Amino acid sequence: MPLLSSLYSLFSSSHSHFCIKSINPFKVSFFSSVSFALFMAPAFEDSNAVEGQTLASSSPQRYSNHDDISRKSKVTVVGSGNWGSVAAKLIASNTLKATSFHDEVRMWVFEETLPSGEKLTDVINRTNENVKYLPGIKLGKNVVADPDLENAVKDANMLVFVTPHQFMEGICKSLVGKVNGDVEAISLIKGMEVKREGPCMISTLISEQLGINCCVLMGANIANEIAVEKFSEATVGYRENREIAEQWVKLFSTPYFIVTAVQDVEGVELCGTLKNVVALAAGFVDGLDMGNNTKAAIMRIGLREMKAFSKLLFSSVKDSTFFESCGVADLITTCLGGRNRKVAEAFAKNGGKRSFDDLEAEMLQGQKLQGVSTAREVYEVLSHRGWLELFPLFTTVHEISVGRLPPSAIVEYSERKPRLSLVEGSTQYY
């Protein structure tokens with residue numbers, strides 16, 4: 001069957017919170033309204049049809065903290081890796097054209113000394129190029145690299161966060177008291193924090209730590225392809241303020257990078273987070289030469305588990321979000337060409353005998369994998385809530401990654417049927 005033709009429809013009425021702290025999965029009542037069913041999903045929900053294309057014509061709304069967004073905005077990009085550098089390039093091209101933005105774009109750089117002995121920041125500012133993480137690409141003369149995080153965000157009222165997710169808690173702690181409450185933020189970060197009280201999305205971590213609103217941007221975005229201006233698209237997820245979403249769309253959109261917006265922060269962010277786990281599975285398949293049929297099946301099953309997991313955690317997540325660029329498109333491109341797939345392929349070819357840490361250091365030149373740490377975080381959530389048997393693909397990816405199972409288990413897992421008796425409600429298959 002086609003990749004998008006059958007998905008689980010889950011959890012339409014359970015309570016959610018931005019950081020999950022109160023769900024008790026062991027109470028049967030939590031699942032009282034659940035019905036697993038495979039269905040042919042429309043491309044958009046009726047209530048959300050063409051939402052991404054109609055923001056400008058939407059009726060105005062009232063907002064408590066962000067009534068005035070007409071002032072000239074100053075942008076800082078927090079992060080300067082491969083994707084962070086591409087984001088700075090996109091933004092810099094637009095701040096020069098739009099009168100609503102200051103021309104200069106600050107980019108915070110975690111300082112490194114290059115083999116030449118020069119500081120990375122100095123080289124970026126001298127050559128207008130991130131020679132380590134995005135060589136050969138001019139960022140724009142209005143991009144200014146700054147190794148001082150506090151100075152980089154000073155006076156900025158639009159913050160773009162794009163760093164490995166495992167660094168974000170420390171970055172947020174460094175910025176407490178350094179940004180004003182009227183600053184707007186957007187996260188391009190794929191991952192989550194797992195704390196004792198439960199999983200917390202990075203956008204929520206930013207909002208709670210810094211006291212600012214935070215949107216997200218995710219999509220089928222392999223950075224090197226966007227850097228050379230190959231056509232791509234992305235999705236902005238926002239909570240309430242449509243006008244702020246329009247500002248982010250305006251800041252990122254170019255003729256080769258099309259951005260739309262949907263009112264579903266958790267759905268957009270979880271798509272971008274969970275697809276890296278599925279990409280590891282796709283890489284295992286490639287490393288074992290299992291073929292395209294197997295890889296397509298893994299991607300379909302992975303999409304099903306992405307949707308199920310997202311709606312278990314947040315009942316507000318929209319079905320239509322999975323058909324935006326942040327959803328199925330990002331899943332496809334990551335499983336075909338992303339770094340997680342690439343390193344997972346090498347892991348499988350080595351029979352799981354070389355660690356992901358070693359392979360990451362050898363293959364990625366300082367870039368970070370997200371899939372392995374995300375798989376561990378997802379596993380912690382599933383284990384804590386007793387959901388492991390409901391998500392056999394996610395569970396198996398983690399167990400392969402830590403060496404408890406061989407890479408070949410990625411196809412053997414399907415023999416372990418999900419224990420659907422954990423969930424009340426009818427189960428129908430079509």
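Visitor: What makes you say that H1 is mostly covered?

Guide: Count the residues: 13 of the 14 in H1 are buried. Buried here stands for under 20% relative accessible area. Keep in mind that this is a predicted model.

Visitor: And how do you know what span to expect for H1?

Guide: The expected span takes 1.5 Å times one less than the number of residues. H1 runs over residues 82-95, has 14 residues, and reaches 20 Å from first C-alpha to last, close to the 20 Å expected.

Visitor: How much of the whole chain counts as buried?

Guide: Of its 430 residues, 58% do. The chain holds 15 helices and 13 strands. Among contacts with a separation of 6 or more, 75% come from residues 24 or more positions apart.

Visitor: Let's move to H8. Why is H8 called oblique to H11?

Guide: H8 (residues 265-287) and H11 (residues 339-349) pack at about 40°, their axes 7 Å apart. That angle makes H8 oblique to H11, because angles under 35 degrees count as roughly parallel and 65 to 115 as roughly perpendicular. The crossing of H8 past H11 is right-handed.

Visitor: Which residues meet there, and what classes do they belong to?

Guide: On the H8 side you'll find, among them, Asn 276, Leu 280 and Phe 284, and on the H11 side, including Arg 341, Glu 345 and Phe 347. By class, the contact of H8 with H11 has seven nonpolar, four polar and four charged residues.

Visitor: What about H8 and H13: why are they called roughly perpendicular?

Guide: H13 covers residues 371-385, and H8 packs with H13 at about 105°, axes 8 Å apart. Angles from 65 to 115 degrees count as roughly perpendicular, so H8 and H13 are roughly perpendicular to each other.

Visitor: Who touches whom in that pair?

Guide: From H8 come Thr 273, Leu 274, Asn 276, Val 277 and Leu 280, meeting Gly 371, Val 372, Thr 374, Ala 375 and Val 378 of H13. The class tally for H8 with H13 is six nonpolar, four polar and no charged residues.

Visitor: What makes H14 count as mostly covered?

Guide: Ten of its ten residues, 392-401, are buried. One of them is Glu 399, and His 398 is buried in H14 too.

Visitor: What do the buried residues of H14 pack against?

Guide: They pack against H8, H9 (292-313), H11, H12 (356-363), H13 and H15 (409-412). After H14 comes Gly 403, with a positive phi near 90°.

Technical notes
Residues are numbered from 1 along each chain as its sequence is written. This is a predicted model: local features need pLDDT of at least 70, side-chain atom pairs count only at pLDDT 80 or more; totals for chains, interfaces and linings use all residues. Side-chain values use heavy atoms; hydrogens and water are left out. Helices (H or I, at least four residues) and strands (E, at least two) are DSSP runs, numbered from the N terminus. Buried means under 20% relative accessible area, exposed over 50%, partly exposed in between (1.4 Å probe, protein chains only). Axes are lines fitted to C-alpha atoms, for helices over the stretch in contact, and angles run from 0 to 180 degrees between N-to-C directions. Angles under 35 degrees count as roughly parallel, over 145 as roughly antiparallel, 65 to 115 as roughly perpendicular and the rest as oblique. A crossing is left-handed if the near helix is turned anticlockwise from the far one by less than a right angle, and right-handed if clockwise. Contact means heavy atoms within 4.5 Å. Ala, Val, Leu, Ile, Met, Phe, Trp, Tyr, Cys and Pro count as nonpolar, Asp, Glu, Lys and Arg as charged, and the others, Gly among them, as polar.
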